[in-house]
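Dear colleague,

Please find below the structure that I am handing over to you. My notes on what was found in it follow directly after.

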Amino acid sequence: MKLRKQVTVCGGAIFCVAVFSLYLMLDRVQHDPARRQNGGNFPRSQISVLQNRIEQLEQLLEENHQIISHIKDSVMELTDTGAVSPSGHLPFRSANGSWVLPFDGRPTFLAVKPQDCQSALGSHGQADVQMLDVYSILKFDNPDGGVWKQGFEITYEADEWDNEPLQVFVVPHSHNDPGWIKTFDKYFTDQTQHILNNIVVKLPEDPRRKFIWSEISFFAKWWETADTYKQEAMRKLILGGQLEIVTGGWVMTDEANSHYFAMIDQLIEGHQWLERNIGVTPRSGWAVDPFGHSATMSYLLKKANLTSMLIQRVHYSIKKHFASTRSLEFMWRQAWDTGSKTDIFCHMMPFYSYDVPHTCGPDPKICCQFDFKRLPGGRINCPWKVPPKPVVESNVAERANLLLDQYRKKSKLYRSKVLLVPLGDDFRYDKALEWDQQFNNYQKLFDYMNSHPELHVQAQFGTLTDYFSAVYKAKGVAQGSRPPDFPVLSGDFFAYADREDHYWTGYFTSRPFYKSLDRILESHLRGAEILYSLAVASARHVGMEGRYPISDYALLVDARQTVGLFQHHDAITGTAKENVVVDYGTRLLRSLIGLKRVIINAAHFLVMKNKDFYRFYQTEPFLETDDRRATQDSLPQRTLIELDPAGPRYLVLFNPIEQERLCVVTVLVNTVRVRVLTEDGQTLPVQLSAQWSSASQMSAEVFEATFMVRLPALGLAVFHLYDSADSPLTLRSDTLLRLSGRGTSARALDPLPVRSQQAEPQTFFISSQGLTLGFSGTTGLLESIKRKDDPQEIKVQIQFMVYGTRPSKDKSGAYLFLPDGKAKPYNQKEPPVVRVVEGPLFSEVVAYYQHFQQTIRIHNVPGVDGLSIEITTAVDIRDQTNKELAMRLVTDIQSGDVFYTDLNGFQMQPRRHLMKLPLQANFYPMPSQAYIQDSNNRLTLHTAQALGVTSLESGQLEVIMDRRLMQDDNRGLGQGLKDNKRTTNRFRLLLERRSIGNMMMDSDTTSFPSILSHMTNSFLNHEVLPLPVLPKRRGVPPLETFAPLKSILPCDFHLVNLRSIHSQKDPHSPSAYTALILHRLALDCGLEAQNLGFNCTTSQGQLSVSGLFRTLDLQLLQPMSLTLMHPSTPLTNDSSISLDPMEISAFKLKLR
């Protein structure tokens, strides 16, 4: 109470002084109206030897404006009871050996409302079909089903269609992979352009002809080269309903490894292209080739206002089960949905493939005879040895009846008397001859069937939506509504097997180098989109759009299309030919370089204190990038900041996440004499470490400087780096090399001490304020984790394991994982060199093995960054043959046979390890995280790249790190995986304590991360970008922190994107509009709350957008469908928007 009185008195006194100073200053200083827009930012005066008095005078006015705000902060600081070191400033070592830092004096609070927590129990689970239950009841045996090998014999009665005739829709299609055996451009030149040219010529020949097209990446390339006559003809076919665009994404995305940010982005890219060029909105989804299907995709299609969808590659046992229960059409509902608003109508194809032999009915020998491209004399034939015959008057009755028998049998597997029969295959219809062969012969068959009423059939060409519309009409329901007797399903369709025990679980890891590069590009794309949108809006706000490089928008478009292309189901999957992989890699690197330029240019404008000094020169960037890559397949080299005794170097740090961030940042410097200051002149503690070129060799020229920073949400903060004699706050890491006595010794360079000793077998430890980790003395790998508030040490042992492949005919390849039994421990003759680095800000243990090098690091800072363990594993298996390297976590958590993996970084899916399935069938995709838990603890492995994961025993998690395979696995690729790279796989390991009684609540169908877990994932996937300011001959103009958010975003809101919408006139320049895409995270609050290091509050899904951005005015707030094609009524600008847990919503904004 006494303290509070003192604070009030001090505050009052300061307030009086402030008012009086303002009065005096208004007399003396001319008010500068151009500065008003910065009124909301805290001024932090530049401290620099080069600074002149005029600049200081300019700042005085603004400082006085802000004194009241500082009073508020002072009150918070005075009431802070955070641990402070005895000296008040310097880091010191406590009795247990861990370092205590001067805390930055900002208390934080966690205020998650109980209503914003997901009770795992909830009112979920009203689905009729739960995929986890299906897995439990199926035998997964594979008896011979006759002509339909993986199914059963289908019979029917002749009179079944007497009252309601069978309606048949034959849907011609051509599956075009944007890269697989050939590159995207080569496919386009050789095949795709001819297919699209043929559409324009052959469809108009008969108005009854129909066709569907899916991949907009190819369609847009064709459009650019087509003349206006062809464009107009194509537009007419689409608007007239003869050609339907299905899904309408940039590609037909992989659904296992892709992240929901990219899945949404490629859908927006395709849909926006269609809206701009054709004026059409897709209604039906078509996914015939992705290797397994995710519930995230059905949610995104629903949010984009599609009404129906189709899937094909599903485990043959599940297809058979669904066929036997006539459940191949269902409403697909999200497992977490408490109502039915996420329902979307889904059609599952019943047979082995999407080619013609497997789409007309159960007997491929008969269906193949109706693929008229295979007529004798062509280049392909029927493997069943009975070729097609041209349809003529003399055989039309026999041919039509043979085909109708297949149609009727297939129809028996569905609940309506409407039948879908796709007619196509990969890159079909590229020759005019095939159009004639297929369309003319089928038209004769249809004419015959339709003119014989006793057959009770109406057959025609149709589009996908023609089919779905007929089903809804036959069932008497509105488009997209649930027909009365159709089941509701929740869950997903991994893992996929197409025959025997051939599980497609290898591609969850194949080519991890590019899976990682993809995510780095995605994080840069999101960061660049946000900064670009804010910079352009700010430039418009101050009337400077003419001086800003708005043309950077073309770089954003290029990167969107590259990210989109790479989501293709042969790209991110790692299942393309080697030269195609190089082509993808080259595109990814080109776009990454472009995005770094967008980020630098936006940051330059936004950190200028006085925008009048802003000058943009294309050839002279203001900032440097954080790192550089020499080639598309090399790891990045971090930028060196060369310090100079003559003056400071400035560093801008970009925080791409939507919350304030307290974390450590490491930069490379050329001297050990380094001092780091904040913008307002406070010296920061720095931990200085060596840069190691090998296990025992350190650099004499380059050093790592690590310091703790607090960065504004989505903001840019400015720091000053000096080359200055020893600062008491710059401390050197203590480094110990644990050697095995084979003569390796440390080459210590004078400034940084290194000790070495013989490795002992007993456990050794490193500690921070929050964690103590135990390591094996022999392997140098993690053994245990102890949290400071927990007396119990938890066993968390890291082991490396190796899988071989089968000796028999079928071996692992790019798609398939066919191991030769259980994994064997990784062995090497020589014990590893182990380096232990300890210091005030971080401690780490690095173990050097022949095929990998693992770094385990903990950060000694409060909040998110200090609560998890950073694991970096550099893998290089280029000298191996048919080997897969796995990292296994072995713990004493009693997880049983249940574990949890994410779907596309969007939602968690419970999994069960099933003993009845082969080992490879128990692997699942892990795009962003997996966890195991018992009633006391949850252990989450967060990942920065998609990899395959499993839990083969209670208490285990296991991840495949890389795979090198010498042979093809007979799925069309024709190559093994031999182009391995040195790859860095990055993780964060988070151990959380569960509250008492939580175990009783565990649901079978849903599970959610905690707020800490969500934030940990964000920190891992969206790293801080350190951007050094290039030295300038004329000196660097004054810079200031850019903090765009006026109010804090509720911490269960994730800003998916802030994406500038293209101008209608020129697709390579922006309009005045921006798309705001938000995801409300669902939280499990049954894990013990921790200090996150920032103020975390929730608001029951409410957000005021007008109060969000500091210096910008909101002139439009309009709810949109996810891909911005379906607008809703604009809201008043001061409205709050509202999101349910898990909901993703898009809004069109006008900011200036």
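Which residues do ring pairs link into a cluster? The cluster consists of Phe211, Phe370, Phe372, Tyr429, Trp435, Phe439, Tyr442, Phe446 and Phe461. Please note that the model is a predicted one.

Aromatic pairs

Across the whole structure, a search finds 59 aromatic pairs. One of them joins Phe345 and Phe468, whose ring centres are 5.7 Å apart and whose planes stand at 85 degrees, so this pair is edge-to-face. Because Phe345 belongs to strand 11 (residues 344–348) and Phe468 to helix 13 (residues 464–475), the pair ties together parts that are 123 residues apart in sequence. Both Phe345 and Phe468 are buried.

Phe566 and Tyr584 also form an edge-to-face pair, with 5.7 Å from centre to centre and 80 degrees between the planes. Here Phe566 is located in helix 15 (residues 553–566) and Tyr584 in helix 16 (residues 578–607), so the pair ties together parts that are 18 residues apart in sequence. Phe566 has a relative accessibility of 3% and therefore counts as buried. Tyr584 is buried as well, its relative accessible area being 2%.

Charges over rings

Two rings with a charged residue over the face may also be of interest to you. Arg661 lies over the face of Phe1019, 4.5 Å from the ring centre. Lys1148 is placed over the face of Tyr1073, at 4.7 Å from the ring centre.

A pair of helices

The axes of helix 5 (residues 216–225) and helix 7 come within 10 Å and cross at roughly 35 degrees. The crossing of helix 5 with helix 7 is left-handed. On the side of helix 5, the contact is made by Ile216, Phe219, Ala220 and Trp223, while helix 7 contributes Gly270, Trp273, Leu274 and Asn277. Of the residues in this contact, 6 are nonpolar, 2 are polar and none is charged.

Where does Val251 lie? Val251 is found in the loop between strand 7 (243–245) and helix 7 (260–277). Its relative accessibility is 2%, so Val251 counts as buried. Leaving aside residues up to four places away in sequence, Val251 touches Pro178, Ser217, Gln266, Gly564, Leu565, Gln567 and His568. Val251 and Glu215 are 36 residues apart in sequence, yet their C-alpha atoms are 4.9 Å apart in space.

With kind regards

How values were computed:
Residues are numbered from 1 along each chain as its sequence is written. This is a predicted model: local features need pLDDT of at least 70, side-chain atom pairs count only at pLDDT 80 or more; totals for chains, interfaces and linings use all residues. Side-chain values use heavy atoms; hydrogens and water are left out. Helices (H or I, at least four residues) and strands (E, at least two) are DSSP runs, numbered from the N terminus. Buried means under 20% relative accessible area, exposed over 50%, partly exposed in between (1.4 Å probe, protein chains only). Contact means heavy atoms within 4.5 Å. Rings of Phe, Tyr and Trp (its six-membered ring) pair if their centres lie within 6.5 Å; planes under 30 degrees apart count as stacked, over 60 as edge-to-face and the rest as tilted. A charge sits over a ring if NZ of Lys or CZ of Arg is within 6 Å of the ring centre and within 35 degrees of the ring normal. Axes are lines fitted to C-alpha atoms, for helices over the stretch in contact, and angles run from 0 to 180 degrees between N-to-C directions. A crossing is left-handed if the near helix is turned anticlockwise from the far one by less than a right angle, and right-handed if clockwise. Ala, Val, Leu, Ile, Met, Phe, Trp, Tyr, Cys and Pro count as nonpolar, Asp, Glu, Lys and Arg as charged, and the others, Gly among them, as polar.
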